[in-house]
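The following report describes selected features of one structural model. Please consult the sequence and the structure as shown here.

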Amino acid sequence: MAAFTSPQVLLVTLLVAGTAIWAAVSLARARRSLNASRREVDRLAQELDGRLREHARAQESLQVALSSERELLELKSRFVALVSHEFRTPLGIIMSAVELLKNYRDRLPLESRQELLEDILVSTRRMAGLMEQVLLLGRVDAGKVAAQPVPLDLSDLLGRIADEQRSATGARCPIVLDLADHGTLLGARADAGLLRHILSNLVSNAVKYSPAGAEVRLTARRDGPDAVLAVTDRGIGIPEADQARLFEAFHRATNVGEIPGSGLGLLIVKRCVDLHGGRITVRSKAGAGTAFEVRLPLYAPAADDAVR
Ligand SMILES: Nc1ncnc2c1ncn2[C@@H]1O[C@H](COP(=O)(O)OP(=O)(O)OP(=O)(O)O)[C@@H](O)[C@H]1O
Ligand SMILES: [Mg+2]
């Protein structure tokens, strides 16, 4: 019995107990430090994740900026190509016609003189037309053009536009008006200026891209609150690959050959249709013809009607 109570046994027991306590305390400390390290690792992982996401976002906006920069550059080079071609060609024609008239006026037969004067007129009109298009687009894109619909006689306006286009295109193609009866089309509210830009571009395209003598149709009908206007031709048509890019600045289809143009007309049409709250669609087949349809809410009740 004495052996169990000896100081040595007590000391050993105390030592074992002390070691156990020390081990438990150390373990708890180690656990705490492990937990703290885990939390730190989690925090770092979250921070890294956030930074990676930030980096991806920055890369995305860099890509967007780069692609709009590329688009802008492409637009600029297309504009330079257009200006040099579309201005140089008519200017060259004018200069040579003027030189011929200046040097040989008295020796030239009357007919040749008339032809040279006509060349000057056509080329001057072409340059003036391009200037007008660029200026109009500039005003539209600066937000300086707004639709101002007023009550008007749609049949009458379409008749006048068809007449103007017949004379502007030297009656190259018959322009047939196919309108729903006058009563149905009465009551329209439209911005005559915008309508004129839309239809004169569509009709002049239809004539320009058709063989002489091929019929061009301008039709109008009413569909509830909308006027549905269509311009149809039997001309060269638009290849499918070009159809998606028709309303882009300076884009011309691959089948235009020598037919002159700047590729701005349809962009103006689209802008004017948008300003008038409408939609435009195209159906076309290369070699067979083209139909543009414009749907405009010309019979929708005006905002101030609701107040009255
Ligand atoms: N009725 C059509 N028939 C065939 N191709 C057409 C027709 N209308 C438009 N296109 C094609 O769409 C392109 C863009 O037309 P858009 O009117 O914008 O330009 P453009 O006629 O070339 O020049 P402009 O700015 O002088 O009108 C044309 O170059 C042509 O390739
Ligand atoms: Mg055109």
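## Crossing of H2 and H7

Helices H2 and H7 cross with left-handed geometry, meaning that the near helix is turned anticlockwise from the far one by less than a right angle. The contact involves Gln 133, Leu 136, Leu 137 and Val 140 of H2, together with Leu 267, Ile 268 and Arg 271 of H7 (C-beta atoms, placed from the backbone, within 7 Å). By class, this contact comprises five nonpolar, one polar and one charged residues. The axes lie 10 Å apart, at an angle of about 30 degrees (lines fitted to C-alpha atoms over the stretch in contact, with angles from 0 to 180 degrees between N-to-C directions).

## Basis of the model

This is a predicted model, in which local features need pLDDT of at least 70 and side-chain atom pairs pLDDT 80 or more, whereas totals for chains, interfaces and linings use all residues. Residues are numbered from 1 along each chain as its sequence is written, chains are lettered from A and ligands numbered from 1 in the order in which they are written.

## Helix H2

Just after H2, Gly 143 adopts a positive phi of about 75 degrees.

## Domains

Domain 1 covers 2-62 and domain 2 covers 150-303, with bounds from an automatic or database domain assignment. Their centres, taken over C-alpha atoms, are 79 Å apart.

Conventions:
Helices (H or I, at least four residues) and strands (E, at least two) are DSSP runs, numbered from the N terminus. Two residues are in contact if their C-beta atoms, placed from the backbone, lie within 7 Å. Ala, Val, Leu, Ile, Met, Phe, Trp, Tyr, Cys and Pro count as nonpolar, Asp, Glu, Lys and Arg as charged, and the others, Gly among them, as polar.
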